[in-house]
Amino acid sequence: MEFMVNNFSTLLGSRLLKIDDVYKATGISRTTLTELYYRRKANVELRTLKKICDYLQVSLSELIEYTPK
């Protein structure tokens, strides 16, 4: 059972945004954004998450949902 849900791809899709849009606006590497998008990245720095949240104008809990066991 998964307790952390990464909503990055869902948020981009709902806004018709591409990884390249986020890269150009935030400077976060395309590799990091791609790994996050495809849910292959387990450890993401807080400052990276903050930049993404600021760009998408969402809270951290909207980007990454956490449900305790």
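The model is a predicted one, so local features were kept only at pLDDT of at least 70 and side-chain atom pairs only at pLDDT 80 or more, while totals for chains, interfaces and linings use all residues. Residues are numbered from 1 along each chain as its sequence is written, and side-chain values use heavy atoms, with hydrogens and water left out.

The protein chain holds five helices and two strands; here helices (H or I, at least four residues) and strands (E, at least two) are DSSP runs, numbered from the N terminus. Read from the N terminus, the order is β-α-α-α-α-α-β. The radius of gyration, taken over C-alpha atoms, is 11 Å, which agrees with the value near 11 Å for a compact globule of 69 residues; the globule rule is 2.2 Å times the number of residues to the power 0.38. Along the principal axes, the C-alpha atoms of the protein chain fill a box of roughly 35 × 20 × 20 Å.

Of the 69 residues in the protein chain, 30% are buried. Buried means under 20% relative accessible area, exposed means over 50%, and partly exposed is in between (1.4 Å probe, protein chains only). The accessible surface comes to about 5000 Å², with 52% of that belonging to carbon and sulfur atoms; these areas come from the Shrake-Rupley method with a 1.4 Å probe, and for residues only the protein chains shown count as cover. On the contact side (heavy atoms within 4.5 Å), residues 24 or more positions apart account for 60% of the contacts with a separation of 6 or more. As for charge, the protein chain has 11 positive and 8 negative side chains, and the centres of the two sets lie 4 Å apart. Lys and Arg count as positive and Asp and Glu as negative, with His and the chain ends not counted; the charge is placed at NZ of Lys, CZ of Arg, CG of Asp or CD of Glu.

Helix H4 spans residues 46-56, and its buried residues are Thr 48, Leu 49, Ile 52, Cys 53 and Leu 56. They cover an arc of only 135° around the axis, which puts them on the same side of H4; the arc is that of the directions from the helix axis to the C-beta atoms. This sort of spacing has a simple background: an α-helix has 3.6 residues a turn, so residues three or four places apart point the same way. The face of H4 turned away from the buried side carries the exposed residues Leu 46, Arg 47 and Lys 50. As packing partners, the buried residues of H4 have helix H1 (8-14), helix H3 (30-37), helix H5 (60-63) and strand S2 (64-66). Thr 48 is one of the H4 residues and is buried at a relative accessible area of 13%. Leaving out residues up to four places away in sequence, Thr 48 touches Ile 28 and Thr 32.

Helices H2 and H3 can be described in much the same terms. In H2 (residues 19-26), the buried residues are Ile 19, Val 22 and Thr 26. Their arc around the axis is only 65°, which puts them on the same side of H2. They pack against H1, H3 and H4. In H3, Thr 32, Leu 33 and Leu 36 are buried. These cover an arc of only 95°, again putting them on the same side of the helix, H3. Strand S1 (4-6), H1, H2 and H4 are what the buried residues of H3 pack against.

Over in helix H1 sits Leu 11, buried with a relative accessible area of 13%. Apart from neighbours within four places in sequence, Leu 11 is in contact with Leu 56, Val 58, Glu 62 and Leu 63. Leu 11 and Val 58 are 47 residues apart in sequence, yet 9.2 Å apart in space, C-alpha to C-alpha.

Finally, the backbone angles. Most residues other than glycine have a negative phi. Leu 16, in the loop between H1 and H2, has a positive phi near 55° and is exposed, at 75% relative accessible area. Arg 39 is not a glycine either, but has a positive phi of about 60°; Arg 39 lies in the loop between H3 and H4 and counts as partly exposed at 48% relative accessibility. Just after H4, Gln 57 takes a positive phi of about 55°, and Gly 27, which follows H2, has a positive phi near 80°.
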